[in-house]
Structures are given as C-alpha cells and as structure tokens.
Amino acid sequence: MDDAVPGTPPAAQEEPAYDPAAPAPLNVPRTPTGDAGVDAALGRLGDADHLATDGHVEVYEDVHRGLRDALTALDARPGPPAPARHPTTTPQ
C-alpha cells in the first residue's frame, strides 16, 4: 500500500544559497614567460581559484611581491660594460 497522500508534491530539494564569496575558478590562462621567477609568481595565481574571495588578497599580495622581486633582480644584474672612450689626441 502507498502511504503518499495524493496531490502532495514530492519534497523539494533545497538549492544551495548563493554565496558570492565562495571559491570559483577564474580559469584565466597563464602563458609561460620563460623567466622561472615570474612564471612561479604567475602560477601562484591559480591558488586563488580554490579560495573564497576574502583569501584572494593574500595570494595577490604574494604574487605582487614575487613580480616586484623579479623586477628588482633585473636592476641588480650587471649590465654590459660601458663603452670604451675613444683615445683623444693631446698636444705634446
């Protein structure tokens, strides 16, 4: 015998509440640059895909710090030698 009451809809499945801070992958492609330090910093952006939005700031600050360090390292590298001065003739 069926205990269901005729005309009663089945129990509605509750939809999860929308949470704008919930993790949502951005799926932004990251093209390798060829610089290991820069690529590592950009790869860290993928970590934000698994965090709620309030956790993104820490990742973005870490990436910014890594990119800033990579740029600073470029300034610290010795550049090409300065061009030699042309000999000048001086009266003797």
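Guide: E58 has its place in helix α2. The model is a predicted one, and every value below is computed from it. E58 is exposed, because its relative accessible area is 58%, and the cut-off for exposed is over 50%. From E58 to A48 there are 10 residues in sequence and 9.0 Å in space, taken C-alpha to C-alpha.

Leaving aside residues up to four places away in sequence, H56 touches A48 and L51. With a relative accessible area of 12%, H56 is buried, since buried means under 20%. So H56 is buried, whereas E58 is exposed.

The helix that holds these two residues runs over residues 56-76. Its partner is helix α1, residues 36-43. Two packed helices are described by the angle between their axes and the distance between the axes. Here the angle is about 170 degrees and the axes are 9 Å apart. α1 is therefore roughly antiparallel to α2, as angles over 145 degrees are counted that way.

On the α1 side the contact is made by V38, A41 and L42. These meet V63, G66, L67 and A70 on the α2 side. By class, the residues of this contact are six nonpolar, one polar and no charged.

Charged residues come in with the salt bridges. The whole structure contains three of them, and R44, D47, D62 and R65 are linked in a network of such bridges. The network can be followed from R44 onward.

R44 forms a salt bridge with D47, where the closest N and O atoms are 2.7 Å apart. R44 counts as partly exposed, at 24% relative accessibility. D47 counts as partly exposed too, at 36%.

R44 is also bridged to D62, with 2.5 Å between the closest N and O atoms. This pair links distant parts of the chain: D62 is in helix α2, R44 is in the loop between α1 and α2, and 18 residues separate them. D62 has a relative accessible area of 27%, so it is partly exposed.

D62 in turn has a salt bridge with R65, the closest N and O atoms being 3.6 Å apart. R65 and D62 are both in helix α2 and three residues apart, which means that about one helical turn separates them. At 40% relative accessibility, R65 counts as partly exposed. D62 thus has a bridge to R44 in the loop and another to R65 within α2.

Some totals for the chain put this part in context. The chain has two helices and zero strands. Of its 92 residues, 11% are buried, and H56 is one of the buried residues. The accessible surface of the chain comes to about 8,300 Å², and carbon and sulfur atoms account for 59% of that surface. Among contacts between residues at least 6 apart in sequence, 45% join residues at least 24 apart.

Notes:
Residues are numbered from 1 along each chain as its sequence is written. This is a predicted model: local features need pLDDT of at least 70, side-chain atom pairs count only at pLDDT 80 or more; totals for chains, interfaces and linings use all residues. Side-chain values use heavy atoms; hydrogens and water are left out. Axes are lines fitted to C-alpha atoms, for helices over the stretch in contact, and angles run from 0 to 180 degrees between N-to-C directions. Helices (H or I, at least four residues) and strands (E, at least two) are DSSP runs, numbered from the N terminus. Angles under 35 degrees count as roughly parallel, over 145 as roughly antiparallel, 65 to 115 as roughly perpendicular and the rest as oblique. Contact means heavy atoms within 4.5 Å. Ala, Val, Leu, Ile, Met, Phe, Trp, Tyr, Cys and Pro count as nonpolar, Asp, Glu, Lys and Arg as charged, and the others, Gly among them, as polar. Buried means under 20% relative accessible area, exposed over 50%, partly exposed in between (1.4 Å probe, protein chains only). Accessible areas come from the Shrake-Rupley method with a 1.4 Å probe; for residues, only the protein chains shown count as cover. A salt bridge is a side-chain nitrogen of Lys or Arg within 4 Å of a carboxyl oxygen of Asp or Glu.
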